[in-house]
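Okay, thanks for coming, everyone.

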Amino acid sequence: MSTLNNGRQQLQQPQRNTIAACKIQFSGQQNQEAVEEFINGVETFKKVEDINDEDALKGVSLLFTDTASLWWQGVGKNVTTWSECLKLLKETFAPKKPAYQIYKDIFAEAQDNNTRINLFIIRKRALFSQLPDGRHTEAEQIDMIYSLIHFKYRQYMRRNEISTYEDLLQKGREIEQLHAEGNMGGVGGEKIKPKRCSFCNYRGHTAEDCRRRQQRRGPSFGDQQQHHQQKDMMPGKDKPYRNEDN
């Protein structure tokens, strides 16, 4: 009878959630973004599933693969708290860069023509977050990011109208949407290619309308004929110009 009661009590006890059910894994990339993404994902899973630090530490080895798994085999026995685990993970795979290196990364690349503006802003903002606290105000960060944004976006952005990152992101989304709508047309959303002159190779006009081509060729016969007609109609001329070919 006691065995039956014990079995009932075990069935009535709710199962404890474990970190092993988390689908996020880390293979040991030496990359700041990868480490932060892993930690944020695991912390969110812990919170949602109500997993305490002790249980999370017991099962965290199941989330490590490849290089990270080998690393944990060597250091895991000496780690006693969850916070210590996360700290050691950052120090090993995402050591904090000196400020000058972070600035170098910030200004290393401006936005190119193919990078979406929101992704570009998010990446630069993440780099600023790695600097010591209080190094730059939000306005100063936006100033620096603004200077790196591609001209096709920046020409529609007035810096004095942007006060926060949210303003910058919202303005970027609006302009990107307008660009997408402006570049779409025809059947099935086919992109319309802008005109390109075959003579000077500039966009916006064709060879027939090219001023450089017209200047090089000189005035056309029609322009010459019109000039002579206007000259012959000037006061003092008894007869207007007649085209004998007609």
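**A walk through the model**

Let's start with P95, which is partly exposed, with a relative accessible area of 46%. On that scale buried means under 20% relative accessible area, exposed over 50%, and partly exposed in between, using a 1.4 Å probe and protein chains only. Before I go on, a word on the source: this is a predicted model, so local features need pLDDT of at least 70, side-chain atom pairs count only at pLDDT 80 or more, and totals for chains, interfaces and linings use all residues. Residues are numbered from 1 along each chain as its sequence is written, and side-chain values use heavy atoms, with hydrogens and water left out.

Back to P95: it sits in the loop between α5 (82–93) and α6. Helices here are DSSP runs of H or I with at least four residues, strands are runs of E with at least two, and both are numbered from the N terminus. What does P95 touch, leaving aside neighbours within four places in sequence? The partners are Q30, Q32 and K90, where contact means heavy atoms within 4.5 Å. P95 and Q32 are 63 residues apart in sequence, but their C-alpha atoms are 7.9 Å apart in space.

Now the whole chain. We have 12 helices and 0 strands. Of the 246 residues, 27% count as buried. If you take contacts with a separation of 6 or more, 49% of them come from residues 24 or more positions apart. The accessible surface comes to about 18,300 Å², and carbon and sulfur atoms hold 48% of that; these areas come from the Shrake-Rupley method with a 1.4 Å probe, and for residues only the protein chains shown count as cover.

F38 is in helix α2 (residues 32–49), and is buried at a relative accessible area of 4%. Not counting residues up to four places away in sequence, F38 touches I24, Q25, F26, L63, F64 and L89. Take I24: it is 14 residues from F38 in sequence, and 6.8 Å away C-alpha to C-alpha.

The other one is E176, in helix α10 (residues 165–182). Is E176 buried or exposed? Buried, at 13% relative accessibility. Beyond four places in sequence, E176 touches R116, I117 and Y153. With Y153 there is a side-chain to side-chain polar contact at 3.3 Å. By polar contact I mean a pair of N or O atoms within 3.5 Å; within protein, one must be able to donate a hydrogen and the other to accept it, and residues adjacent in sequence count only if both atoms are side-chain atoms.

On to a helix pair. The axes of α6 (residues 99–108) and α7 (residues 117–128) come within 9 Å and cross at roughly 170°. Axes are lines fitted to C-alpha atoms, for helices over the stretch in contact, and angles run from 0 to 180 degrees between N-to-C directions. So α6 and α7 are roughly antiparallel to each other, a label for angles over 145 degrees. On the α6 side the contact is made by I102, D105 and I106, and on the α7 side by K124, L127 and F128.

Last, two aspartates for you to look at. D50, in the loop between α2 and α3 (53–59), has a positive phi near 55° and is exposed at 68%. D66, in helix α4 (residues 66–75), has a positive phi of about 50° although it is not a glycine, and D66 is exposed at 58% relative accessibility.

How values were computed
Angles under 35 degrees count as roughly parallel, over 145 as roughly antiparallel, 65 to 115 as roughly perpendicular and the rest as oblique.
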